[in-house]
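The sequence and the structure are shown first.

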Amino acid sequence: RGIATQKRALAQAEAAVVQANKEAQAAKRAIDAYREGTFVQEGLRYERDILLAKKRFTAAQHSLLQTEMAHRRGFGARVHVEAQEFVVEAARSNLESARHKKEVLEEYTGPKTLEELESKSVAARARFEAGEVIVGREQVRLKRLEDELPQCEIRASRDGMVVYAGGATDPRQANQPAPQIYPGAKARAHQTLLRLADLDQLQIRMAVPEKQVGRLRHGQRVYVEVLGQGRQGEIVSIDDRPRMTSIADVSFAHYDVGIAVEGSDDRWKPGMTAEVDVLIERKKNVLTVPVVCVIKYDGAPHVRVQTLVGSVLREVVLGITNDIVVEIVDGVAAGERVLLNPAAEVGL
């Protein structure tokens, strides 16, 4: 990871430690608040409820005693005594309920709540301590990266232009996409990242379709033009294996051909586009016609020749071509007039 990425990781770890510390402190305060505040207040409330229930129970007993004495003396009906006995039982039940609530608070609810709060406090403290360990580890990583940074400086062995490495150097990987080189990209061991271009020994890489590569050979002369400046050169290498290029859904096989250029030009830089003319064959005193004069008729090349009685279609034998003119080996003699646009004639 880069130093910037490591700094972000360290900042995130430090933020997590701060948050865990706040949670641990909040959990400790929650324990103190419950033990010294909520638990005590609930205990006092239950004590107050017990005292009030006792007073009501005592008052109910006193009223029952008076009602019974009055009934024995002939005052009041038995139903009044029974009603007062019900009041005494209700007061007794309320007293027992108040005492039970206090017992539940002291023996169950209080300890259980404290255990839960202490568990949260322990967990928060553990997160805080673990976060401190992570911060320490991230600090060590950052320190190591900062120490290694001066050692990551790349020095060229000679003058030249440094370019990102592109394409596979192994012919077996010629059809595989080249790793993308950019700041922050991951690099594998022994991966070529940069190349030092020797501007005094520029070489043109030309992609030749497989149908045409058979016409090329080592040592063939070529003419190269870049930025309007022309240079002579020759073919020095022809790849044995093709590389695949795609246009839409159609794939084409091309062979990389290396061309050594004679002389140098300070304006020529790696990555520029060049126009290349290859001298396939040199012939003298041959008969040629423009390529547009030749059409295919009945599966064979033909030209339309102007005669005294009109134009006639004549089959010809072709030789080499440079896409501008084509050699006529047989079928037309020197001096005959050939139509430039035979396809425009009626019937063709």
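Strands are runs of at least two E residues assigned by DSSP, numbered from the N terminus, and two strands pair if DSSP finds at least two bridges between them. The model described here is predicted.

In strand 14, the bridge partner of Val289 is Val326. This contact belongs to a set of three bridges that join strand 9 to strand 14 (residues 325-330), and the two strands run antiparallel.

Helix 1 covers residues 3-72, a run of 70 residues. From its first C-alpha to its last it reaches 100 Å, close to the 104 Å expected at 1.5 Å a residue. Just after helix 1, Gly74 takes a positive phi of about 95 degrees.

The rings of Tyr34 and Phe39 have their centres 6.2 Å apart, within the 6.5 Å limit for a pair. Their planes stand at 50 degrees, which lies between the cut-offs of 30 and 60 degrees, so the pair is classed as tilted. Tyr34 is buried, because its relative accessible area of 9% is under 20%. Phe39, at 25% relative accessibility, counts as partly exposed.

## The hairpin of strands 4 and 5

Strand 4 (residues 221-226) and strand 5 (residues 229-238) run antiparallel and are joined by six bridges. Within this pairing, Val222 has Gly233 of strand 5 as its bridge partner. The hairpin has two residues between the strands, and Leu227 takes a positive phi near 55 degrees there.

Val276 lies in strand 8 (residues 275-278). Its relative accessibility is 22%, so Val276 counts as partly exposed, the range between 20% and 50%.

Which residues does Val276 contact, leaving aside its neighbours within four places in sequence? They are Ile204, Met206, Val222, Tyr223, Val224 and Ile259. One of them, Met206, is 70 residues from Val276 in sequence, yet the two are 8.1 Å apart in space, C-alpha to C-alpha. Another, Val222, is the residue whose bridge partner in strand 5 is Gly233.

Definitions and conventions:
Residues are numbered from 1 along each chain as its sequence is written. This is a predicted model: local features need pLDDT of at least 70, side-chain atom pairs count only at pLDDT 80 or more; totals for chains, interfaces and linings use all residues. Side-chain values use heavy atoms; hydrogens and water are left out. Helices (H or I, at least four residues) and strands (E, at least two) are DSSP runs, numbered from the N terminus. The expected span of a helix is 1.5 Å times one less than its number of residues. Rings of Phe, Tyr and Trp (its six-membered ring) pair if their centres lie within 6.5 Å; planes under 30 degrees apart count as stacked, over 60 as edge-to-face and the rest as tilted. Buried means under 20% relative accessible area, exposed over 50%, partly exposed in between (1.4 Å probe, protein chains only). Contact means heavy atoms within 4.5 Å.
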